[in-house]
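Here's a walk through a two-chain model, written for someone who likes to know the cut-offs. Have a look at the structure first, and then we'll go through it piece by piece.

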Amino acid sequence: MSRSLLSITELGETGLRRMLDTSDHMAEVNRRPNPKVPALRGKTVCNVFFEDSTRTRLSFETAAKRLSADTMNFSVSQSSLNKGESLRDTVETIAAMGVDAFVIRHGSSGAPWQIGEWTSISVINAGDGWHAHPTQALLDMYTVRTALNRPISVDGGSFDGLRVAMVGDIKHSRVARSTTEAFKLLGANVTWVSPKTLLPPVHGESVVANLDEVIEDVDVLYLLRMQNERMSEALVPHLREYTARFGLTPERAARIGRHVLVMHPGPMNRGVEMAVDPSELPGSVINQQVTNGIIVRMAVLFELLGSGSGNSLTGNTES
Amino acid sequence: MSIMITNGRLIDQTGERLASVRISDGIIIEIGDQLAPDSDNSGAEDLIDAAGLVISPGFVDLHVHLREPGREEAETIETGSRGAALGGFTAVVAMPNTDPTQDSVGVVEFVRQQGKRAGLCDVYPSGSITMGRKGEQLTPFAELANAGVRLFTDDGNGVQDPQLMRRAYEYASDLGVTMAQHCEVESLTAGAVMHEGSCCSHLGLPGWPSLAEELMVHRDIELVRLTGASAHLLHLSTAGSVGLVRAAKADGLPVTAEATPHHISLTDELLASYSALYKVNPPLRTIEDVMAVREGLRDGTIDAIATDHAPHVSETKEMPLDQAPPGMLGLETALGVALAHLDMPLADVVAAMSWKPAAIAGIADRHGRPIALGEPANLTVIDPGEAWEVVPAALASKSRNTPFIGVPLTGRVKHTILHGDITVRDGKAQK
Amino acid sequence: MNTPSDVGKQVLGPDDVRRAITRMAHEIIERNRGTADLALVGIQTGGVWVVEALAAEMLRIEAAEKCEPNPIVVGSVDASLYRDDIGMRPVSPGSVSDLTFTVEGVTVVLVDDVLYTGRTVRAAIDAIGDYGRPKAVQLAAIVDRGHRELPIRPDFVGKNLPTSAEESVSVTLNGVTITQGTNT
């Protein structure tokens, strides 16, 4: 395995399946009364967040601590960067303090790759601009695999035949890109449901322009967050109209099958993309997504820092 | 002391021939294929052996950012001139997006004097079209024209207001100066960092759509048709733009155009590395666009190669893509990139780098002259076949943002002569 | 990577293995005076089949003496998250720990196929400890090949097999094979 996790593309299908398998171990650890193992004792993980995100940062921090790693937090506000300390300086300073991994979230697409050029420390992309959010995709895959009880591992299994609808602001969403790619690597069919203004200019996915067209023919309904700012950029005339065409309204919620999984990466804009209480949806796995976030992040940290990529995978019986 | 360049292959607008050239007091005093050395009486003569090399009129770059005044940390007029001389240029047109802007006689004179003092290249400052390049109020064209300015542009930005641009064209047509446009409709390009197409969608980056350039190309062609003024279109980068200019020329309109070396050699796929070295405005586009721009140069739709040399301090090019400034170096690699990527007769490439841009810049009285008796000795001697690669640390520029690292280049400047002064000898600047 | 330079040499056959398991099953029952408050926990992945074989044998022995013998409590533990070596072993898919019973106050018999340096056993003891405090921990292995690096000793052994560090040992119900070339 590579020393860094930057995108689902780079992780690849084999890597993706391997992470899901490792996540099973972490899930078992998480079920214990004392959910902690010493696997990463002595390692230090530094969260470097250039964009505010309490939830993701806490998830990574919890994951690191459950593996007995030490954590550091470096929240960079825009102002300190404007004072002249460059991204490169920040990264090199932290590296010099002796950390084993960076968890990076940055508002500019590509920042983790640039950082990878300047340091040999493991880099985990916790979200870069509009581009990629691989750990979100991993937790999404893990959630669906668990909820549907599909045996997907390095030995086989897939989401063949699974119909996924991803709804909302695809253009600005790194979650959309990474999760769509992961679903497709595992064999699912993904349809994007979005107005043209919220789609990337050129893409190869199948698209519908109204949620009603697919709502009765999906197995997984993935809702993306619709930000208020999109209105001022004239991307949608009004959020009310967005909800009417694309939101999960009570009327639509009544029409989806009970088996349909409803997912959201959080945080939710109540009343916009999600106009019902998710706890009233039998298929909502939104809470499980959060729990699984810690589990897959433990798997990622373990695979990058603790699993000894030089060793063979299958049953060594050396005791 | 006179200079004798022997046995070179002369290429100029009159044709090609093998000859030697003798220069004295800044003028060509003798040309022939059997010149005897030392035939002037002063005894000492500087000999340059040009066997196997090409002698052409000195190159003219219509589009360079010398950064001085205001951003001397990236480049100065002196270091920029040195890079120009090493690239075979004897004249450059300096873009006005300096600080303060080149919108007054004082700043224009300063730039010209700095160029003269460095003595490596003739620096011709352009003027901005609007005061401070703000797009609101026209610059005093006549004042600046009296101070020798022939080209006006707000480059860095295009003039967004069609009414204002119409006035600029109308006013300029009386004065015999040329408006040059950076064609970009800014409301279509907010936040853009690369070409809008399948690459940017995949990389999750906002893009410059080709339409943003083509809309303004179309607009200014029609304004030329309406006003009778002449226009020069800077750094064309899309197939659509080339097509529009081709049609305009077929209609006999006084429109000229230029293209940069990077737009005939590099594509948007390079942005997959997220390196800001490849961020430029207009952006690197698709292979189809690159091929259309090459075709435009081949059939004369695009008149000139102009580098849009844009130095940036290294730290700024290491910033995340959306924060990094756009722009690439170009002076020292222009010939090497052009000959490596253009399937055109050498004479046509030389034309696009010397007498054609000289005419557009309004300096054809001194640069891009035929190599003939009595003409000013502004010459470039090149080895058109030499293969080389650029080494950023060896560049004369103060900055290092060249996108051509690792790109094989063909054609190297050996000597550059400015008004009879050898500014570059054996590829080394003489001052 | 397992790169044996030649095909392995079988040093024990299936009958030898079966007899060793029978004897160990008797010993475990004798030492612990029955099967109450006892649990066999296999170390993933090599010890899992041994636990099945031992448990089946122990049940057969008990059934011969009682009408309704208690079922043998079994489980497995994955020690890969507790190892101390720098290039730690990756987790094997499908080898998640499975301890559904309470460890508190129970005698845990850790079971593995081969006992070597003792490091995996140490890690397994730590892993068990995270589930609770056993009354005692005992160790059973079919083959003890020597080369201990920690003060760990087995309570129940099938065969002592001196080997060199350049060899690898594999144990199945079909026998014990020694091969040239290391497993790691």
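Predicted model: local features only at pLDDT ≥ 70, side-chain atom pairs only at ≥ 80, totals over all residues.

## Ground rules

Two strands count as paired if DSSP finds at least two bridges between them. The elements themselves are DSSP runs numbered from the N terminus: helices are H or I with at least four residues, and strands are E with at least two.

Residues are numbered from 1 along each chain as its sequence is written, while chains are lettered from A and ligands numbered from 1 in the order in which they are written.

## Strand 1 of chain B and its partners

Strand 1 of chain B covers residues 2–12 and runs parallel to strand 4 (residues 45–49) of chain B, with five bridges between them. One of those pairs B:Ser2 with B:Glu45. Strand 5 (residues 54–57) of chain B also pairs with strand 1 in the parallel sense, over two bridges, and there B:Arg9 has B:Val54 as its bridge partner.

A hairpin of two residues connects strand 1 to strand 2, and B:Asp12 sits opposite B:Gly15. Strand 1 of chain B also holds B:Asn7, a residue that has a positive phi of about 60° although it is not a glycine. B:Asn7 has 16 other C-beta atoms within 10 Å and is partly exposed. For that label, C-beta atoms are placed from the backbone: 20 or more others within 10 Å makes a residue buried, 12 or fewer makes it exposed, and in between it is partly exposed.

## Chain B as a whole

Chain B has twelve helices and 19 strands. Its radius of gyration is 21 Å, close to the 22 Å from the globule rule for 431 residues, so chain B is as compact as a globular protein of that length. (The radius is taken over C-alpha atoms, and the rule is 2.2 Å times the number of residues to the power 0.38.) The C-alpha trace of chain B spans about 65 × 45 × 40 Å along its principal axes.

Of the 431 residues in chain B, 58% are buried. Contacts here mean C-beta atoms, placed from the backbone, within 7 Å. Among contacts in chain B with a separation of 6 or more, 75% link residues 24 or more positions apart.

## Domains in chain B

Chain B splits into domain 1 (2–55 + 373–429) and domain 2 (58–361), with bounds that come from an automatic or database domain assignment. Their C-alpha centres are 26 Å apart. Across the boundary, 33 residues of domain 1 of chain B touch 40 residues of domain 2 of chain B.

Which strand of chain B gives the most to the domain 1 side? That's strand 17 of chain B, with seven residues. By class, that side has 18 nonpolar, eleven polar and four charged residues. In this scheme Ala, Val, Leu, Ile, Met, Phe, Trp, Tyr, Cys and Pro are nonpolar, Asp, Glu, Lys and Arg are charged, and the others, Gly among them, are polar.

## Domains in chain A

Chain A has its own division, into domain 1 (8–133 + 290–305) and domain 2 (137–285). The domain centres, over C-alpha atoms, are 25 Å apart, and the contact uses 24 residues from domain 1 and 20 residues from domain 2. Helix 1 of chain A gives the most to the domain 1 side, with eleven residues. That side divides into nine nonpolar, nine polar and six charged residues.

## Where the chains meet

The contact between chains takes 19 residues from chain A and 16 residues from chain B. On the chain A side, helix 4 (87–96), helix 5 (111–118) and helix 7 (174–185) give two or more residues each. Helix 5 of chain A gives the most, with three residues.

A cis peptide bond joins B:Asp99 and B:Pro100, with omega about 10°. B:Pro100 lies in the loop between strand 7 (89–94) and helix 2 (105–118) of chain B. In chain A, A:Gly266 and A:Pro267 are joined by a cis peptide bond with omega about -10°.

Note on methods:
Contact = placed C-beta atoms within 7 Å.
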